[in-house]
Amino acid sequence: VVAGALPDGVSGVYSGGVFTISGTPTEAGTFNYTVTTEGSSCENPSLSGTITVDDAGTISLGGGTATPTVCVNSPLSAITYTIGGSATGADVTAGSLPPGVTGVYSNGEFIISGTPTTAGIYDFTVSTTGATCGNPSLEGTITVDDVASLTLTTANADQSMCIGSPVSPISFT
């Protein structure tokens, strides 16, 4: 290779009249190269080519926790995923988010936020989209606890009686 460059991890070897370019690229990009013969007293012809190496998508937790616990009708602290590589977006690809909670992709981030309206345990998977060489995923779980309730179920909470007289049982559920 006399002009241009090959990606890291790829090399050219001459053996037995054959020049072979091979290997496993370890960097993304567009690599233009030219191969030229050597040793001829006349002409040394050249041929050019291009190796294009695409990046895989990347995803990482950029903020918040992927396993929050929140109460029904209380705002969820945002869960932020940073999307990169050749990925052009992200989405929830498995499981589900609680009703009232959504995931939105914008400017390299996928943000899960909202106010859950239904108690339960919600497992979800966020995957990158648009990458030609792989769209990785991360998993999470949002636990939504129900709000406690208290109800008077028997008798009267306010009672008057004489000393030595029993209190009518007061029950709360």
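Guide: A ground rule to start: buried means under 20% relative accessible area, exposed means over 50%, and partly exposed lies in between, with a 1.4 Å probe and protein chains only.

Visitor: What am I looking at?

Guide: This is a predicted model, where local features need pLDDT of at least 70, side-chain atom pairs count only at pLDDT 80 or more, and totals for chains, interfaces and linings use all residues. Residues are numbered from 1 along each chain as its sequence is written, and side-chain values use heavy atoms, with hydrogens and water left out.

Visitor: Cysteine 71, then. How does it count at 37% relative accessibility?

Guide: Partly exposed. Cysteine 162 counts as exposed, at 56%.

Visitor: Switching topic. Where does threonine 34 lie?

Guide: In strand E4, residues 29-36. Strands are DSSP runs of at least two residues, numbered from the N terminus.

Visitor: Is threonine 34 buried or exposed?

Guide: Buried, because its relative accessible area is 18%.

Visitor: What joins the side chains of threonine 34 and serine 48?

Guide: A polar contact of 2.9 Å. That term covers a pair of N or O atoms within 3.5 Å; within protein, one must be able to donate a hydrogen and the other to accept it, and residues adjacent in sequence count only if both atoms are side-chain atoms.

Visitor: How far apart in space are threonine 34 and glycine 4?

Guide: 6.4 Å, C-alpha to C-alpha, though 30 residues separate them in sequence.

Visitor: And leucine 152?

Guide: Leucine 152 sits in strand E14, residues 152-154. With a relative accessible area of 37%, leucine 152 is partly exposed.

Key: Helix = DSSP H or I, 4+ residues; strand = E, 2+ residues; numbered from the N terminus.
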